Amino acid sequence: MKNNNQNVSLENLARRDFIIKGTLVGGGLMLGIGAIPDLAYAAGVQYDPNTPTKFGDDEVNAWVSITPDETVFIRIARSEMGQGTRTGLAQLVTEELECNWKKVKTQSATPGQSLTRKRVWGEHGTGGSRGIRISEDYVRRGAAAARIMLLEAAAKQWNVPVGELKVDKGVITHTATGRKTTYGKVAQLASTLTPPDPKSITLRNPREWKVAGQPYARIDTANKVNGTKVYGIDLQLPNMLCASVKACPVFGGKLVSYDEAKIKNMPGVKGVVKIDDSTLAVVADTWWHANTALNALPIVWDEGAGAKTSQPAIEKMLRAGLDEQGDFWQRKEGDAPAAINSANKKVEAIYYTPFRAHVTMEPMNATVKIVGNRAEAWVPTQNGEGSHAALSEATGIPLANCEVYKLDSGCGLGRRGSTQDFTTFAAKIAQQYPGVPVKAIWSREEDLTHDYYHPIAMAKMSAGLDNAGNLTGMHIKVSGQSINATLAPTAIKNGKDERQLQGLYEKGPDAQLGYTFPTLLTEYVMKNTHVPVGPWRGVNTNQNGIFMECFMDECAKAAGKDPVKFRQVLMQSHPKHLGVLNAAAKKANWDAPLPAGTYRGIAQFMGYASYSACVAEVSVKNNVVNISRLVFALDCGHVVNPYLTREQIEGSVAMALGAIFNPEITVENGRIKQQNLDTYPLLKLASTPRIETVLVPTYDFWGGVGEPTICVVGPAVANAISAAIGRPVRNFPLSREGLSLA
Amino acid sequence: MQLNVNGQIHNIDVEPNMPLLWAIRESLGLTGTKYGCGVAQCGACSVYLNGELVRSCSIPVSAVGTAKITTIEALSKDNSHPVQKAWIALDVPQCGYCQSGQVMAAAALLKRIPKPTDADIDSAMANVCRCGTYQKIRDGIHVASGQKKLAEVLAQYDATPATRG
């Protein structure tokens with residue numbers, strides 16, 4: 001079949017690897033996009049049926065393939081890790097395509113196919129809450145183009161003007177005669193037609209959506225409740241070996257030597273592989289054997305200079321940064337320090353937020369097989385193309401000879417989005433076992449102690465108030481570690497790094513400060529440690545939201561004003577920030593009296609182009625915090641699936657509460673002190689309050705959902721606690737303030 | 001060594017100190033039971049040992065003897081257990097990785113206490129979910145135990161069974 005829409009026909013993709021036995025998918029030899037080749041032979045294991053392998057002559061365009069049985073396969077390039085992007089994108093496609101939702105299945109486009117087809121599906125990276133908001137336009141246009149081609153095909157077949165046709169749920173009707181046909185019947189003809197110019201397509205007005213915008217059920221839930229969904233860690237390939245990896249416990253340290261003889265006779269052990277200067281792996285027939293032998297392997301490390309660093313020194317360095325003067329990254333409006341110094345009343349507070357680990361429930365892992373000059377990787381990743389590049393770089397095999405099969409991740413949280421170390425490591429190990437797939441899995445201990453952590457930060461916040469309690473100046477000085485310094489050093493210009501001030505930016509559209517202060521000075525003093533840091537769901541909005549919003553409450557209190565009213569005055573030029581603040585306050589009956597002993601707190605912030613606000617109601621008894629109510633308001637512009645949007649908010653609240661109440665990650669002698677979930681516990685069900693969400697979309701922008709919904713929870717709860725105990729809380733986690741969560 | 005898993009006797013050749021989790025996953029190939037922490041903190045590895053909910057990562061296979069092990073794969077043949085039905089109807093799982101354990105824990109709770117209170121749910125549901133699906137887990141147990149109607153729970157999220165697609 002000719003594929004007019006692409007420069008490369010599908011047949012060119014028909015490598016051996018995509019041909020799998022039909023027995024897996026029910027009949028016939030099939031050409032599979034997103035197929036997991038060797039799985040056809042793996043006893044008892046099926047690949048995720050939500051990423052079906054059936055694909056053949058029925059591609060209308062890159063986004064849509066429709067088979068004669070009316071099944072509509074929608075291609076998804078973004079990764080799924082529970083955030084619901086697969087379902088949301090499928091809803092957007094269905095909306096424009098006018099197909100039957102009940103017949104929709106999805107397929108994962110692979111990075112290798114994307115390379116061959118000149119990135120027809122756009123970027124694959126799934127982080128920064130971009131899964132839908134950055135791709136919605138071209139995805140919807142792709143779907144609409146397919147609809148136009150399908151209708152044209154029917155018109156051609158009947159020899160009638162296309163304007164006389166209408167379509168509903170994949171059934172095409174010729175209005176004049178009542179004749180009917182279906183997408184499945186015209187798909188092959190449609191695929192031979194010239195696609196319309198995407199720019200000529202008028203997309204549906206979101207206010208008139210019928211499928212998108214609805215609280216549809218996820219399309220990939222069923223196999224998550226019976227154990228049959230295959231995650232990367234579950235992969236079973238013929239002749240597969242397993243590896244457990246270990247890096248120097250101290251970041252920056254080096255591997256000196258190891259005594260392989262001591263473990264070579266242990267059950268199942270195949271050998272030890274030095275991955276790089278600071279990392280090795282034990283390879284065995286099973287992961288349990290590999291990890292047991294790894295734990296028994298005598299290793300000599302040169303721990304390096306980092307071993308001299310412990311937590312107090314890091315905190316001292318950050319604290320010193322707050323008092324440093326210099327040429328830092330600055331946002332300057334008027335002379336805030338002068339305004340504050342001459343103010344009737346001066347408010348000042350220093351805040352601390354810690355390192356945090358991701359702890360994706362599925363530990364880091366990747367499987368790689370190298371045969372000759374060809375490499376394949378099976379990876380739970382948020383960045384398929386990043387893993388593709390990592391595979392090529394690690395093996396020296398050209399990108400065109402590499403392929404990555406993305407598996408749905410057991411949580412991503414940002415850990416699987418930037419550094420693709422798991423893929424690199426698995427590739428380096430697999431190089432030593434040509435022809436054999438090697439699955440490398442981090443133990444939980446390795447995963448927790450070799451993360452790219454949420455950056456540690458402190459802030460000194462200063463404000464001035466006039467004698468009427470009006471704010472005259474705001475000085476925000478953040479001292480902390482830079483994510484770019486770890487992951488993208490070239491993004492730092494002359495030691496200045498704006499990224500750490502996410503949420504405090506002057507301009508939108510991504511993370512704009514929601515206040516207009518009469519004078520403002522925002523500064524970032526970069527203080528890097530030897531601990532690697534990276535994006536952690538919500539990234540820098542998390543600490544900046546705490547700094548800004550806890551301090552706003554301190555200012556309101558000093559001014560003798562209601563926290564909502566105090567904010568509203570400063571938010572008049574920021575209607576969307578104000579909109580969610582008001583929506584949360586309204587839903588929570590902000591002005592209504594509370595039972596004795598119960599107190600409210602509020603916070604608003606912006607990130608990932610979306611606006612969030614939260615109201616918490618708490619009581620505090622014997623330093624134990626009970627959250628009795630939690631209200632959340634979100635304006636993400638367009639809501640593609642309100643049910644799943646609410647689920648993201650529910651998850652964000654749990655993530656945020658864990659982050660402000662559970663123990664932090666600390667550094668001792670250069671290494672991470674917390675080794676597993678006994679010393680780094682995560683939030684559990686019993687501590688999670690009921691979450692009431694109000695969605696207030698304004699239908700005029702596309703915002704993210706997964707991440708902007710964390711940063712307001714911590715400050716809202718902290719502000720309620722401060723109101724309850726009569727003193728501000730400034731040190732996070734709140735165990736540093738002697739507080740715990742009921 | 002013999003293991004009785006999901007009603008079948010399996011002969012496996014493993015070291016006696018191998019945790020039951022890894023025998024289930026790597027010797028029997030039943031990967032629905034997950035590795036999350038290996039130190040009995042997260043519950044992703046939850047299975048039944050003679051009907052009792054246990055964390056298989058911390059039980060050596062030698063301690064199992066003739067006990068009957070049930071894994072998530074055998075909870076029902078067709079997602080028909082009330083917990084599975086409620087979990088699907090409410091879309092409880094997000095990434096889903098911990099949900100084998102959550103479903104096993106919830107089903108064990110309902111067997112012990114058919115109409116659990118919220119306090120019962122708080123104490124029984126001690127498994128970690130990093131996606132934070134806890135509110136939906138509670139809803140799911142309310143529905144699976146018949147204490148709340150599906151429509152009633154969906155209404156809290158501005159949805160009805162009909163608008164779920």
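Which residue is the bridge partner of B:N4 in β5(B)? That partner is B:K68. Here are some notes to go with the model.

1. A word on conventions: this is a predicted model, where local features need pLDDT of at least 70, side-chain atom pairs count only at pLDDT 80 or more, and totals for chains, interfaces and linings use all residues. Residues are numbered from 1 along each chain as its sequence is written, and chains are lettered from A and ligands numbered from 1 in the order in which they are written.

2. On the strands of chain B: β1 (residues 2-5) and β5 (residues 68-70) pair in the parallel sense over two bridges; pairing requires at least two DSSP bridges between two strands. Strands are DSSP E runs of at least two residues, and helices are H or I runs of at least four, numbered from the N terminus.

3. The open sheet of chain B has five strands in the order β2-β1-β5-β3-β4, with mixed pairing. Its edge strands, β2 (8-11) and β4 (52-55), each pair on one side only.

4. Turning to the interface, 55 residues of chain A are in contact with 53 residues of chain B, contact being C-beta atoms, placed from the backbone, within 7 Å. α15(A) gives the most to chain A's side, with nine residues.

5. Chain A is divided into domain 1 (10-224), domain 2 (232-304 + 364-441) and domain 3 (311-356 + 453-741), with bounds from an automatic or database domain assignment. The contact between domain 1 and domain 3 of chain A takes 20 residues from each of them. On the domain 1 side, helix α1 (residues 85-97) of chain A gives the most, with four residues.

Methods:
Contact = placed C-beta atoms within 7 Å.
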